[in-house]
Amino acid sequence: MDHYSPPIKETIFNHPLIEVANQKDPLVKLYYAINWENLILKISNFYHSSIGRPSADLRILISMSILQNIYNLSDQGVLNLWVQNYVFQAFSGQVFLNINLPFNSATLCNFRKQIGVEGQEIIFAESVRIHDVECLESKVIIDTTVQEKYTAFPTDVKLRLDVINQCWAFGEHLEIEFDVDYHDEVARLKKLINFTKSTNSESKKAQIEDAKLSLKDIANNLLDQLSIKAHDETKKDSIFIKSMENYRKAVNQQKDDKDKIYSIFEPQVYCIAKGKNHVKYEFGSKVSIVIGVEHKIVLGVVSFEKNTYDGDTVDPVLDMMRRSHNDYSPNTFVGDLGFRGRPFVSDVKGITTAELPSIADPQE
């Protein structure tokens, strides 16, 4: 006689997950605060089930996106925790416990691409709405920070080796046979650099410099061969064209060049000087954040592809707030000295921390 395994929904509490969860849990409170029906309706305008692979449950995708932002999780990280954590599943609208992944990490990535900036702003606006309209204050604080990327410290050798590996990968994918593929030579140069990079010998240092130049020549040669031998259709592909431009730039850039490539996988990453003793530089993109003075609620966030001057980030982030919060705009914004020279931006008064009344002066 076969052993009968009843469905898990018949064995776990016999109640919906949200009912058996701790009602004081912050996620459970957030579950009840969010207007899911309205949020799903708005996001559905950007997420089309007929595009690409069969669509996943929109409610789960939105909730996963929110959980990622709350707990700072990667795509795969939030999926792994979702399977293990019944409160995550309850927050996602699951009625019964699910022991299987609802989809793979690529689905989350595709979801973000489909809904774009507008869809993500809708989700963000809902996170502000649940705090009540009073959080939309007349005075706000604007500051910038660096959204760090998981980018290894860039060196000429690393970038050139990355480009060479990508050329080999392109060649294999496009079934291109290189006249010379340089596999043995690259392996020899890597070994030479690794064994001699810590030496103080002048002759060894000269060998390392020669090896670096050889890697540069090899990378350029492979790029030339790809450009010539790629199919005409591939040569017209925008992704291929942009990739080749970035690879060429990464291989040949000089120390003092502007707009340098620090990662061929994330070419939009910038090296941003922090001016702090413990962290002099960070690799990432600049982000502007708006916070209400009284309630300390984040009201606006905008990421910039370039290392934009702080004062020039004000107008875009104010625009984002108007779109997200029904034309809401503060009367005054406060920024640090990086916002000097912006007394008014879009009719919003700007003041720096240096212009604020002194706390030590009781008459102010």
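# Briefing: strands, helices and cysteines

Both sides of strand β5 (residues 332–335) are covered: T332 and V334 are buried on one face, F333 and G335 on the other. The model is predicted. Its protein chain holds 13 helices and seven strands. Of the 364 residues in the protein chain, 39% are buried. Among contacts in the protein chain with a separation of 6 or more, 62% are between residues 24 or more positions apart.

**Strand β5 and its neighbours**

- Strand β1 (residues 139–148) runs parallel to β5, and three bridges join the two.
- Within this pairing, V140 has F333 of β5 as its bridge partner; F333 is also one of the buried residues of β5.
- Strand β7 (residues 348–352) is likewise parallel to β5, with four bridges between them.
- Here T332 is bridged to K349 in β7, and T332 lies on the β5 face that also carries V334.

**Strand β3 and its neighbours**

- Strand β3 (residues 281–292) is largely enclosed by the rest of the structure, because nine of its 12 residues are buried.
- β1, which is joined to β5 by three bridges, also pairs with β3: the two run antiparallel and share nine bridges.
- D143 stands opposite I289 of β3.
- Strand β4 (residues 298–304) is antiparallel to β3 and is joined to β3 by six bridges.
- The bridge partner of K286 in β4 is F304.
- Five residues separate β3 from β4 in a hairpin, and K296 in the turn has a positive phi of about 60°.

**Helices α3 and α7**

- Helix α3 (residues 36–43) packs against helix α7 (residues 105–129) at an angle of about 145°, and the axes are 10 Å apart.
- The crossing of α3 past α7 is right-handed.
- From α3, the contact involves L39, K42 and I43; from α7, F111, I115, G119, I122, I123 and E126.
- By class, the residues of this contact are six nonpolar, one polar and two charged.
- An α-helix has 3.6 residues a turn, so residues three or four places apart point the same way.
- The α7 residues in the contact include I115, G119 and I122.

**Helix α5**

- In helix α5 (residues 75–84), the buried residues are D75, G77, V78, L79 and W82.
- The cover over these buried residues includes α4 (58–71), α6 (86–91) and α7.

**Helix α13**

- The buried residues of helix α13 (residues 314–324) are V314, V317, L318, M320, M321, R322 and S324.
- Just after α13 comes N326, with a positive phi of about 55°.

**Cysteines**

- A disulfide is a covalent bond between the sulfur atoms of two cysteines.
- Searching the whole structure gives zero disulfides.
- C109 has a relative accessible area of 28%, so C109 is partly exposed.
- C135 has a relative accessible area of 1%, which means that C135 is buried.

How values were computed:
Residues are numbered from 1 along each chain as its sequence is written. This is a predicted model: local features need pLDDT of at least 70, side-chain atom pairs count only at pLDDT 80 or more; totals for chains, interfaces and linings use all residues. Side-chain values use heavy atoms; hydrogens and water are left out. Buried means under 20% relative accessible area, exposed over 50%, partly exposed in between (1.4 Å probe, protein chains only). Two strands pair if DSSP finds at least two bridges between them. Axes are lines fitted to C-alpha atoms, for helices over the stretch in contact, and angles run from 0 to 180 degrees between N-to-C directions. A crossing is left-handed if the near helix is turned anticlockwise from the far one by less than a right angle, and right-handed if clockwise. Contact means heavy atoms within 4.5 Å. Ala, Val, Leu, Ile, Met, Phe, Trp, Tyr, Cys and Pro count as nonpolar, Asp, Glu, Lys and Arg as charged, and the others, Gly among them, as polar. A disulfide is a pair of cysteine sulfur atoms within 2.5 Å.
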